[in-house]
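Hi everyone, thanks for making time today.

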Amino acid sequence: MYRIIIIVFSALFALSACEAPGPQLDANGKPLPRVYRISSADTGKIQLRMRDSINALRAAAGVNPLNLNAKLTAAAATHSRDMSVQNRPWHFGSDGSSPLDRVVRTGYTGGMRGENISETYETELETLSAWMGLADTRNVIMDPQSVNMGFSWHQDPNGKIWWTLVTGG
């Protein structure tokens with residue numbers, strides 16, 4: 001019996017000496033981004049989490065909630081993939097299309113209100129927080145004339161995520 005107790009305490013003592021690895025640092029001593037991997041099974045959860053988070057922010061400001069719209073989500077998905085192909089975050093497609101062009105192509109008739117984009121390794125909620133920190137992107141999220149939203153992304157094999165949020169009236 002005493003042997004078992006000694007073995008258990010020895011194992012616990014050995015484990016207590018182990019340290020969890022700290023963050024990996026780049027050449028400047030800053031933490032390297034952690035890769036946030038998204039599986040296809042996470043798609044619905046992530047889109048609903050983003051919608052709910054945006055609507056919580058809008059409710060706190062007294063602004064009507066947004067509905068997740070499949071056509072706006074299709075426009076967002078198309079642009080996220082295209083930004084990855086172009087390897088740059090910007091609002092114009094490789095074919096010269098604007099955000100308005102992409103929304104019209106999906107058949108959405110409510111009129112496009114705005115588009116937010118991001119190139120990052122961060123989660124959707126970290127990205128939303130960054131968007132809320134800038135007046136231009138915050139205004140897209142908080143626009144009282146918006147009633148619908150589309151949200152999607154493309155993740156590169158290296159883990160980089162291209163996020164796109166599109167709002168419509």
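Let's start with the sheet: four strands form an open sheet in the order S1-S3-S4-S2, and the pairing is mixed. Strands here are DSSP E runs of at least two residues and helices are H or I runs of at least four, numbered from the N terminus, and two strands pair if DSSP finds at least two bridges between them. At the edges sit strand S1 (67-68) and strand S2 (112-120), each pairing on one side only.

Before going further, please keep in mind that this is a predicted model: local features need pLDDT of at least 70, side-chain atom pairs count only at pLDDT 80 or more, and totals for chains, interfaces and linings use all residues. Residues are numbered from 1 along each chain as its sequence is written, and side-chain values use heavy atoms, with hydrogens and water left out.

Now, who are the neighbours of S4? Strand S3 (residues 148-155) runs antiparallel to strand S4 (residues 161-168), and eight bridges join them. In that pairing, Gly150 faces Val166, while Met149 is opposite Thr167. The hairpin of S3 and S4 has five residues between the strands, and there Gly159 takes a positive phi near 100 degrees. S2 is also antiparallel to S4, again with eight bridges; Asn116, for example, has Leu165 as its bridge partner.

Is S4 buried or exposed? Eight of its eight residues are buried, so S4 is largely enclosed by the rest of the structure. Buried means under 20% relative accessible area, exposed over 50%, and partly exposed in between, using a 1.4 Å probe and protein chains only.

Next, the rings. Rings of Phe, Tyr and Trp (its six-membered ring) pair if their centres lie within 6.5 Å; planes under 30 degrees apart count as stacked, over 60 as edge-to-face and the rest as tilted. By this rule there are four aromatic pairs. Phe151 and Trp163 have ring centres 5.4 Å apart and planes at 10 degrees, so that pair is stacked. Phe151 belongs to S3 and Trp163 to S4, so the pair ties together parts that are 12 residues apart in sequence. Both Phe151 and Trp163 are buried, and ring pairs link Phe151, Trp153 and Trp163 into a cluster.
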